[in-house]
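Okay, thanks for making time, everyone.

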Amino acid sequence: MQKQWDPGNRSRFFITFAAFVVLGVTFKVMALVEGLTEIRPVNAIPQVAGLLAGPVGAAACGTGNLISDLAGTLSFRSILGMIANYIAAYLPFRLWHSFSKEEPNVHSGKNMLLYCIIAFVTAMTAAWILAFGLYVFFDTWMPEIYQYIFFNNFGFSVGLGMPLLILFTSDAICIKCQPRPKKQRLLHSKYVYFMISAAYLLLMLILLGGIVFAGHSPVNERYLRIAAAAALPCLICFLF
């Protein structure tokens, strides 16, 4: 098995890191919420980097996001962005290999559907981490943050990320994917994994529906706080 930081993985890290920083800094001028988020084509990178390079790609996206914040938006809140972008890359890596025995690709309708479902779940996760992170740690609730993060992540992951994955896994390029992750002992049972996955999806949908479609706020609605707190142990199970 490849060592985590062999020369090939170092190359993957620095290429992903450089692409993330360049694309992230370029679009800083297109702010949606000043100092917090902007139109982000760079959000096409995490899912593709995670699927192809696993934790190495995730680390590159997390640190790349932190460094790109040096272009005018660096603050303590940047730590949340670093965590969210790491998870936005690493979660797809875990989910893909949990639900598919193939190496990551979108060369079939089944795999395209799986890619889109993972992008949807990951976009809800990133929006939850950032919006509720601001609420819990900085006493700031901004529903537009949740909405912008969700649509940025999902839209660019599908609209731009999927063509990139098609290109990188084509016969002409054929990037070798990171080896499959080891299965967590807790989730060896398919039944347990299914139950945790279903619970997590339900909690994410409750947050999405409550915030985006019902216009509710965790400041006033207790069920949103409960759903957000309950989702955390599910996410930890997926990641660790």
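So, which residues does Ser157 touch, not counting those up to four places away in sequence? Keep in mind while you look that this is a predicted model. Here's the list: Ser157 touches Asn43, Ala44, Gln47, Tyr115, Ala119, Asn152 and Met162. As for where we are, Ser157 sits in helix 5, which covers residues 143–168. And Ser157 counts as buried, with a relative accessibility of 5%.

Next up, helix 3, residues 78–99.

How do helix 3 and helix 7 cross? Helix 7 is residues 222–239, and its axis comes within 9 Å of the helix 3 axis, with a crossing angle of roughly 65 degrees. So helix 3 is roughly perpendicular to helix 7. If you want to click on the contact, the helix 3 side is Ile87, Tyr90, Leu91, Arg94 and Leu95, and these meet Leu235, Phe238 and Leu239 of helix 7. By type, that contact has seven nonpolar residues, one charged and no polar ones. As a reminder for reading the numbering, an α-helix has 3.6 residues a turn, so residues three or four places apart point the same way.

Helix 4, residues 109–138, gets the same kind of check. Its 30 residues should span 44 Å at 1.5 Å a residue, and the end C-alpha atoms are 43 Å apart, which agrees.

Last thing, the cysteines. How many disulfides are there? The count is zero, going by a cut-off of 2.5 Å between sulfurs. Take Cys116: its closest cysteine sulfur is in Cys177, 17 Å away, so that's too far for a bond. Cys116 is partly exposed, at 24% relative accessible area. Cys234 is in no disulfide either; the nearest cysteine sulfur to it belongs to Cys237, 6.5 Å away. Cys234 counts as buried, with 12% relative accessibility.

That's my tour, so over to you.

Technical notes: Residues are numbered from 1 along each chain as its sequence is written. This is a predicted model: local features need pLDDT of at least 70, side-chain atom pairs count only at pLDDT 80 or more; totals for chains, interfaces and linings use all residues. Side-chain values use heavy atoms; hydrogens and water are left out. Buried means under 20% relative accessible area, exposed over 50%, partly exposed in between (1.4 Å probe, protein chains only). Helices (H or I, at least four residues) and strands (E, at least two) are DSSP runs, numbered from the N terminus. Contact means heavy atoms within 4.5 Å. Axes are lines fitted to C-alpha atoms, for helices over the stretch in contact, and angles run from 0 to 180 degrees between N-to-C directions. Angles under 35 degrees count as roughly parallel, over 145 as roughly antiparallel, 65 to 115 as roughly perpendicular and the rest as oblique. Ala, Val, Leu, Ile, Met, Phe, Trp, Tyr, Cys and Pro count as nonpolar, Asp, Glu, Lys and Arg as charged, and the others, Gly among them, as polar. The expected span of a helix is 1.5 Å times one less than its number of residues.
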